[in-house]
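Hi everyone, thanks for coming. Let me put the structure up, and then I'll walk you through one chain.

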Amino acid sequence: MKNQLSISEDKKFKAAYLILALHTLQIGVGIAGFPRLVYMEAKHDAWISILIAGVILHLTVACIVFVLRSYETDLHGILNMAFGKVIGKFFSTLFVLYFAVMFFSVLVNYIEFVQVFIFPKMSSFFVAILILMLVWYAVYGGIRVAIGVSFLFFFSSVWMVLLLSKPLTMIEPMNYLPIFESDMKEIFSGVLISSYSLLGFELLWVVFPFIYDKKKVGLHSQISMGFTIFMVLGLTLISIGYFSPRQLEEKVWPLLSMFKIISIPAFERFDILAVALWLLVILPNAILLGWMVSYSCKRAHGLKQKHCLVVLIIIALLLASIFDDRQFVNRFTDFTGYLGMFFGFGFPFLLLPFAIIHRMKGKKQNDKK
Amino acid sequence: MRRRFRRNASYFPCKIDQLETDLKDGFFNSLPNFVAKKFKQDSQKYIVMYISYMVEEEQIYKYVIDNIQRSQKKWDTNTLINEISLKDGEKRTNIKDIGNDILQGSVAIYIDGEDSCVTYPVPKLIKRPPEKAETESLIFGPKIAFSESLTTNLNIVHWRMDNSNLKSEKFIIGNELPSEIRLIYLSDIAEPDIVKEMRRRLNKLETDDVLESSVLTQYIEDNSYSLFPQLHVTELPDRFCYELKEGKVGLLIDKSPSGVIAPTTFLSFFESTEDLYTRWNMGTFIRLMRLIGMFLSITLTPFYVAALTFHYEIIPTALLVSLGHSRSRVPFPPVLEALILEFFLELIREAGARLPTKVGQTMGIVGGIVVGQAIVQAGFTSNILIIIAALSALASFTIPSYLMSSAVRILRFPLIIMSGLWGFMGLFFCYAFLLIHLLKQQSMKRPYLTPIFPFRPRDLDNSIIRLPFLQSNFRAYSNSPKDTKRFKEPPKTNKTDIEE
């Protein structure tokens with residue numbers, strides 16, 4: 001495996017696209033149920049948890065960018081250089097598996113979402129086939145198409161946020177008071193829950209060599225993280241203000257319940273459309289993750305990307321059609337979260353000392369010259 | 001048979017009778033219209049040969065035969081070339097060349113005993129003069145359209161763009177029926193890569209016959225399996241010249257009444273030059289209306305089908321009553337109802353296009369009003385669906401490009417079927433598929449969806465909206481023109497306070 005990648009100029013894209021690519025990868029099905037989950041842990045001080053999680057997120061991403069910039073290559077090159085061939089490959093494989101788990105988690109969560117809201121009788125196998133066909137078709141176009149998907153689909157679904165202006169006018173300010181009522185432990189478990197939902201920035205690890213202006217990666221990824229935190233925080237604040245405390249604990253998907261009250265003259269129930277439209281929200285997730293898995297697999301093991309993709313899709317199809325009960329989906333999502341704590345948030349800091357040593361070496365060599 | 005005429009330098013000099021039989025029986029297979037006239041002047045014998053319907057016979061008599069007969073001197077090949085006042089005379093020593101020249105409308109003159117034959121092109125051209133544009137007619141702006149003759153079309157283009165940088169390269173394509181193709185571009189603006197790519201594709205192309213410009217585009221486009229056109233075929237010289245000026249390259253094909261423009265983007269099929277001729281705010285409004293029309297055209301009917309089949313919760317109560325009332329007599333499920341009606345509309349459109357204009361109009365009235373009314377009364381479809389289907393048909397006809405408008409209309413059918421099968425899920429699946437497809441699409445190796453993705457904010461002017469001309473002095477960045485500015489920026493006027 002080569003440590004440095006040489007990618008032709010016409011396959012690269014500008015760092016500014018990262019803002020939307022990272023953001024769309026972070027926002028998925030989870031966001032619809034997210035306010036309730038944080039609320040269950042940290043009550044009406046949930047926003048503090050989110051802010052703390054946000055700070056951690058910004059630090060982690062800064063750390064990732066620092067590591068990437070010191071090695072000037074992608075994750076697999078770094079692992080290879082830092083740990084040597086054998087251990088490096090082992091870690092690369094772990095990451096491939098981790099990305100694959102994230103991919104499955106996106107898939108099963110959306111299938112459950114569709115089954116609960118619009119088509120209770122639709123088989124999981126069928127919904128999975130619909131999504132996986134699109135993933136297959138898009139990933140075949142390479143990273144540019146995957147980035148394009150995140151860009152276009154963001155704009156075709158983000159307008160739904162504007163619909164929240166109606167619940168916004170119905171907020172009860174007393175719901176936020178008193179501040180600082182939850183204790184540290186509750187807030188901390190809120191932080192933990194929120195960090196699960198913020199996973200997805202791992203895209204940076206893989207996509208870095210494809211970026212045209214690498215100097216701006218730091219800036220744009222931080223903007224992206226800020227934007228995600230802003231969305232998540234806003235949504236949670238509106239949910240806490242709009243629902244009464246008991247209500248919020250009962251609503252599994254508070255976001256959809258808020259869409260329910262919106263009715264335009266030609267549209268009585270907006271939430272039905274929203275669930276179908278959510279396909280456009282999760283597709284960038286699935287496509288970017290599908291690309292990450294297959295490309296990482298190619299990088300780590302020198303296999304053909306097509307073959308990796310086909311294998312991933314077949315496994316996903318089997319998994320989605322075999323395990324389709326709510327219990328399993330919940331446990332699988334939690335499992336993904338735990339993995340994310342280590343691979344997403346922990347691992348960059350593990351690599352940090354290696355990166356610093358690498359930088360120092362590079363400096364010394366420069367000085368010698 | 002033809003082997004006899006292989007390059008054979010020792011064919012001439014020969015007897016004129018020999019030449020005549022060789023050409024007539026050998027090359028032309030006893031073509032009845034092959035004319036060979038033998039004359040004698042003093043001691044010289046000479047022969048004049050042509051195909052009667054391919055040449056201006058009057059010119060031959062006036063310039064060739066009269067000339068030779070009246071003068072008293074002795075003629076030979078050199079004097080034939082120099083003293084006959086027709087243009088482009090050629091000396092031919094090969095009998096196959098002579099035959100080809102005659103086939104293309106030349107007259108061949110041979111004086112007995114000379115060592116070469118002289119041919120003069122005097123072709124008779126029966127061609128349509130350029131007329132008013134029919135398929136892409138404009139209300140406002142130049143009316144002229146390309147005609148079938150390449151010379152006329154080149155003439156129009158050069159007359160519209162009298163610029164010394166206008167380059168035109170000649171290609172001959174077609175093994176069986178060769179046609180001339182001209183690659184035209186402005187060498188100081190068009191990007192060399194695009195020109196090179198087009199040249200490469202034309203050189204690579206192997207076919208028996210090009211047939212028409214829209215056929216040529218299907219030979220050289222990037223993805224033959226897509227529904228969407230990837231090169232623009234236009235019959236409007238003003239559009240052709242405008243796009244060249246923006247840094248694209250154009251193709252003109254002999255025997256075809258339309259030019260080809262490359263590269264294109266998805267949005268460029270929704271532009272009309274008329275948007276430029278009207279004022280900028282009107283142009284913007286009309287362009288946006290077309291885009292919205294396209295969206296409605298592929299959304300309305302599938303949405304109706306999806307809502308009525310699976311999601312009636314979303315229909316407001318007031319509307320549900322009237323919908324239910326008008327649908328109460330319809331025996332079909334919504335998908336079938338919609339498919340029947342859409343198919344019916346397509347039939348009317350196709351019948352109107354095939355019939356002569358006058359009958360076609362009557363056809364439209366009969367089909368649209370009489371049968372439409374009867375269909376509702378017979379309980380085949382609901383009133384509301386008729387409104388929706390008519391609206392989406394109308395919307396699709398606003399697209400200026402015929403190919404794109406057909407693509408949008410055909411696109412409706414899979415969308416209707418999918419929403420009939422899986423409701424909104426099917427509908428959004430189709431949308432997602434469409435967007436991904438458009439993202440993957442390329443035209444001359446350039447992204448098809450610019451300026452939306454890759455996002456080029458400056459190019460939004462002149463693709464989705466239109467700015468006042470003084471403010472849009474940049475050529476579209478997506479064509480990467482050599483010269484990026486249309487003109488120097490106008491001097492900024494000092495902003496003054498309200499006039500007193």
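So, start with the UniProt record: its unreviewed entry puts "transmembrane region" on residues 288-310, 360-378, 384-403 and 415-439 of chain B. Those positions are in the numbering used here, feature names are shortened, and annotations may be inferred rather than shown by experiment. Some ground rules: this is a predicted model, where local features need pLDDT of at least 70, side-chain atom pairs count only at pLDDT 80 or more, and totals for chains, interfaces and linings use all residues. Residues are numbered from 1 along each chain as its sequence is written, chains are lettered from A and ligands numbered from 1 in the order written, and side-chain values use heavy atoms, without hydrogens and water.

Okay, residues 288-310 of chain B: 96% helix, 0% strand, with end C-alpha atoms 32 Å apart. Helices here are DSSP runs of H or I, at least four residues, strands are runs of E, at least two, and both are numbered from the N terminus. Residues 415-439 of chain B are 100% helix and 0% strand, and there the end C-alpha atoms are 19 Å apart.

Now the sheet. What order do the five strands take? In chain B it's β1-β2-β4-β5-β3, an open sheet with antiparallel pairing; strands pair if DSSP finds at least two bridges between them. β1 (34-41) and β3 (90-92) of chain B each have a single partner strand, so one side of each lacks a neighbour in the sheet. Inside, four bridges join β2 (44-51) to antiparallel β4 (106-111) in chain B, and V48(B) sits opposite I109(B) in β4(B).
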